[in-house]
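User: I am new to this structure and would like to learn how to read it. Please take the features one at a time.

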Amino acid sequence: MAEKTASVPNKPATVRDVAADQFIAAYARHLKRGGRVEQPKWVEIVKTAHHNELAPLDPDWFFVRAASLARKIYLDGGKGVGFYRRVYGGSKNNGSRPSHHSDASGSVIRAVLKQLEALKVVEKAPKGGRRITSTGQRDLDRIAGQVFNKRK
């Protein structure tokens with residue numbers, strides 16, 4: 001007995017249907033081309049976490065972080081800056097001593113969240129943290145649909 005697959009031919013693609021790296025790259029390009037995201041003055045010299053030795057080498061890292069953060073809020077909203085500090089944190093090299101986890105910079109995450117709030121992509125959740133807005137969900141799904149269709 002053959003099983004029928006429940007495939008909908010024109011089902012709109014969501015962020016969940018697209019690979020993370022492809023979506024983040026596409027949404028970062030969208031944010032940069034839109035010209036509505038203002039990078040802070042310190043974007044060229046700041047480290048993104050305490051455990052890093054240098055600032056990011058990619059000149060568009062702020063847009064990439066904004067796209068990544070928007071995707072994470074889309075997938076699992078209601079989290080605050082402290083949660084995302086742990087997510088974007090990494091391993092601190094302590095030399096000959098054992099490595100330990102180090103949180104990312106909260107200032108960078110707050111600056112990105114403020115920009116996303118100004119774009120009406122995210123908003124503060126009533127019980128704390130941030131959540132995606134309806135316009136933000138529509139924009140992210142539109143970009144995901146473009147990436148999904150380009151993949152075919």
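Predicted model: local features only at pLDDT ≥ 70, side-chain atom pairs only at ≥ 80, totals over all residues.

User: What caps the N-terminal end of α4?

Analyst: For a cap, look for a side-chain atom that reaches a backbone atom at the helix end. Here S105 does this: a side-chain oxygen of S105 lies 3.4 Å from the backbone nitrogen of S107.

User: Where do these helices sit in the chain as a whole?

Analyst: Start with the order of elements. The chain has 5 helices and 4 strands, and along the sequence they follow the pattern α-α-α-β-β-α-β-β-α. The C-alpha trace spans about 60 × 40 × 35 Å along its principal axes. Of the 152 residues, 39% count as buried. Among contacts with a separation of 6 or more, 61% join residues 24 or more positions apart.

User: Which residues of α4 are buried, and what do they pack against?

Analyst: The general idea comes from the helix turn. An α-helix has 3.6 residues a turn, so residues three or four places apart point the same way. In α4 the buried residues are G106, V108, I109, A111, V112, L113, Q115 and L116. They pack against α2, α3, β3 (122-124) and β4 (130-132).

User: Which residues of α1 are buried?

Analyst: They are F23, I24, A26, Y27, A28 and L31. What covers them includes α2 and α5.

User: How many residues does the largest nonpolar core have, and which have the most contacts inside it?

Analyst: To read a core, ask who is in it and which elements supply it. The largest nonpolar core here has 40 residues, and F23, Y27, L69, V121 and L140 have the most contacts inside it. Helices α1 (20-34), α2 (61-75), α3 (81-87), α4 (106-118) and α5 (134-151) each supply at least two of its residues. The most come from α2, with 9 residues. Take L140 as a case: beyond its neighbours within four places in sequence, L140 is in contact with V15, F23, Y27, A70, R71, Y74, V121 and I132.

User: Is F62 buried or exposed?

Analyst: Relative accessible area decides this. F62 is at 0%, so F62 is buried. This residue lies in helix α2. Leaving aside neighbours within four places in sequence, F62 is in contact with V37, E38, Q39, P40, V43, A111, V112 and Q115.

User: How many aromatic pairs does the structure hold?

Analyst: A ring pair is read from two values, the distance between centres and the angle between planes. The structure holds 3 aromatic pairs. One of them joins W61 and F62, edge-to-face, at 5.8 Å centre to centre with 80 degrees between the planes. Another reading is that of F83 and Y84, whose centres are 5.3 Å apart and whose planes are at 80 degrees, so this pair is edge-to-face. Y84 is buried at 1% relative accessible area, whereas F83, at 30% relative accessibility, counts as partly exposed.

User: Which charged residues lie over the ring of Y88?

Analyst: Here the position of a charged end is compared with a ring. The charged end of R65 sits over the ring of Y88, 4.2 Å from its centre. K72 lies over the face of Y88 too, at 5.9 Å from the ring centre.

User: What does the side chain of R130 make a polar contact with?

Analyst: The partner is the side chain of E117, at 2.4 Å. R130 is found in strand β4 and counts as buried, at 13% relative accessibility. Not counting residues up to four places away in sequence, R130 touches residues including I73, G77, K79, L113 and E123.

Terms used
Residues numbered from 1 in each chain as written. Heavy atoms only, no water. Core = buried A, V, L, I, M, F, W, Y, C linked by side-chain atoms within 4.5 Å. Buried < 20%, exposed > 50% of the residue type's maximum accessible area, 1.4 Å probe, protein only. Contact = heavy atoms within 4.5 Å. Phe/Tyr/Trp six-rings, centres within 6.5 Å; stacked < 30°, edge-to-face > 60°. Lys NZ or Arg CZ within 6 Å of the ring centre and 35° of its normal. Polar contact = N/O pair within 3.5 Å; in protein donor to acceptor, adjacent residues only side chain to side chain.
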